[in-house]
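Thank you all for coming; I would like to walk through one model this morning, starting from a single residue and widening out from there. Please have the sequence and the coordinates open while I talk.

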Amino acid sequence: MLRFGMTPPVATSDATGSPDTQATAVYRRLRADILEGRLVPGMRLRVQHLAAEYGAGPAPLREALAQLAAEGLARRIEQRGFRVADADPAGFAALIRTRCLVEVLALREAIARGDAAWEDAVAAAERRLARLPRSLDQGRFVTNPAWESAHRAFHRALIAACDASPLLAFCERLREEADRYRALANAVAYPGRDVAAEHAAIAEAALDRDAEGAAALLTRHLTSTGEFVRVSLERRQDGGTPLRGRRPGIDAAAE
């Protein structure tokens with residue numbers, strides 16, 4: 001039985017179950033659990049615990065953890081294994097600034113180059129996102145996986161027409177990294193922030209070919225998220241808000 005909300009085991013297509021295949025599968029699952037906040041910043045990643053949770057041997061796990069460390073999602077502790085990378089306020093501020101620079105550039109290019117199919121895709125993505133509840137519980141924040149998926153699709157659709165695949169790949173990587181931090185701030189931002197209105201305004205400006213207005217709205221949208229994350233990180237440092245994902249039964253593995 002899985003503990004602390006991890007993703008279920010995923011069968012690989014290689015019937016031999018080779019170490020390389022196991023390492024790739026466990027890497028993908030660990031990466032998803034880190035990015036989605038199920039494995040929280042600073043949490044100790046003990047190979048012996050992970051082996052039982054993820055159904056992989058020590059060698060594939062160490063290979064997966066080394067790859068995550070190379071990406072900056074985990075950090076190696078000398079002679080003590082690995083931890084999930086810390087949630088660093090200064091690092092996140094730099095990440096948000098970088099996102100504003102590159103994603104706004106991609107949006108401007110998409111507005112200049114986008115055709116009718118791009119317009120239809122942006123409008124459809126915004127409508128789909130608007131129909132979904134942000135949280136599964138109105139009284140408190142509970143992640144809605146369908147909303148998260150639609151949210152990613154909306155931001156991808158906005159910039160899809162920029163016709164620069166390396167730029168799109170860089171934007172995707174920055175978004176994934178930012179999502180790890182955003183998962184910490186959702187409870188702070190909900191329900192006061194009207195993100196649906198923000199998305200609608202960005203889409204409207206983009207479809208009106210108002211590059212300046214869309215760029216300003218997207219920048220405000222990203223920096224607003226950054227402010228909620230900053231507040232959440234400050235509360236965490238002060239001990240006022242526990243990390244999302246902490247629950248009885250995992251603290252021993254987290255230390």
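Asp 33 has its place in helix α1, residues 19–35, where helices are DSSP runs of H or I with at least four residues, strands are runs of E with at least two, and both are numbered from the N terminus. Asp 33 is buried, with a relative accessible area of 0%; buried means under 20% relative accessible area, exposed over 50%, and partly exposed in between, with a 1.4 Å probe and protein chains only. The side chain of Asp 33 makes a polar contact of 2.6 Å with the side chain of Tyr 54. By polar contact I mean a pair of N or O atoms within 3.5 Å, where within protein one must be able to donate a hydrogen and the other to accept it, and where residues adjacent in sequence count only if both atoms are side-chain atoms.

A word on what we are looking at: this is a predicted model, in which local features need pLDDT of at least 70 and side-chain atom pairs count only at pLDDT 80 or more, while totals for chains, interfaces and linings use all residues. Residues are numbered from 1 along each chain as its sequence is written, and side-chain values use heavy atoms, with hydrogens and water left out.

Now the overall layout. The chain has ten helices and three strands, and from the N terminus on the elements run α-β-α-α-β-β-α-α-α-α-α-α-α. Of its 255 residues, 45% count as buried. If we take contact to mean heavy atoms within 4.5 Å, then residues 24 or more positions apart account for 74% of the contacts with a separation of 6 or more.

Let me turn to α4. This helix has 25 residues and reaches 36 Å from its first C-alpha to its last, close to the 36 Å expected at 1.5 Å a residue, the expected span being 1.5 Å times one less than the number of residues. Its buried residues include Phe 92, Leu 95, Arg 99, Cys 100 and Glu 103. Glu 103, at 3% relative accessibility, touches His 155, Ile 159, Cys 171 and Leu 218, not counting residues up to four places away in sequence. The C-alpha atoms of Glu 103 and Leu 168, which are 65 residues apart along the chain, are separated by 8.4 Å.

Which rings pair up in this model? The structure holds one aromatic pair, and the rings of Phe 92 and Tyr 181 have their centres 4.7 Å apart and their planes at 35 degrees, so the pair is tilted. The rule here is that rings of Phe, Tyr and Trp (its six-membered ring) pair if their centres lie within 6.5 Å, with planes under 30 degrees apart counted as stacked, over 60 as edge-to-face and the rest as tilted. Because Phe 92 lies in helix α4, residues 89–113, and Tyr 181 in helix α7, residues 165–189, the pair ties together parts that are 89 residues apart in sequence. Both Phe 92 and Tyr 181 are buried.

Arg 180 lies over the face of Tyr 181, at 5.1 Å from the ring centre, and Arg 134 lies over the face of Trp 147, at 3.8 Å from the ring centre. A charge sits over a ring if NZ of Lys or CZ of Arg is within 6 Å of the ring centre and within 35 degrees of the ring normal.

At the start of α6, a side-chain oxygen of Asn 144 reaches to within 3.1 Å of the backbone nitrogen of Ala 146.

His 199, in helix α8, residues 195–207, is buried at 2% relative accessibility, and a polar contact of 3.3 Å joins its side chain to that of His 151. Leaving aside neighbours within four places in sequence, the residues in contact with His 199 include Glu 126, Trp 147, His 155 and His 221.

Finally, the cysteines. With a disulfide taken as a pair of cysteine sulfur atoms within 2.5 Å, the count comes to zero. The sulfur of Cys 162 is 6.9 Å from the closest cysteine sulfur, in Cys 171, which is too far for a bond. Cys 162 is buried at 2% relative accessibility, and Cys 171 is buried too, with a relative accessible area of 3%.
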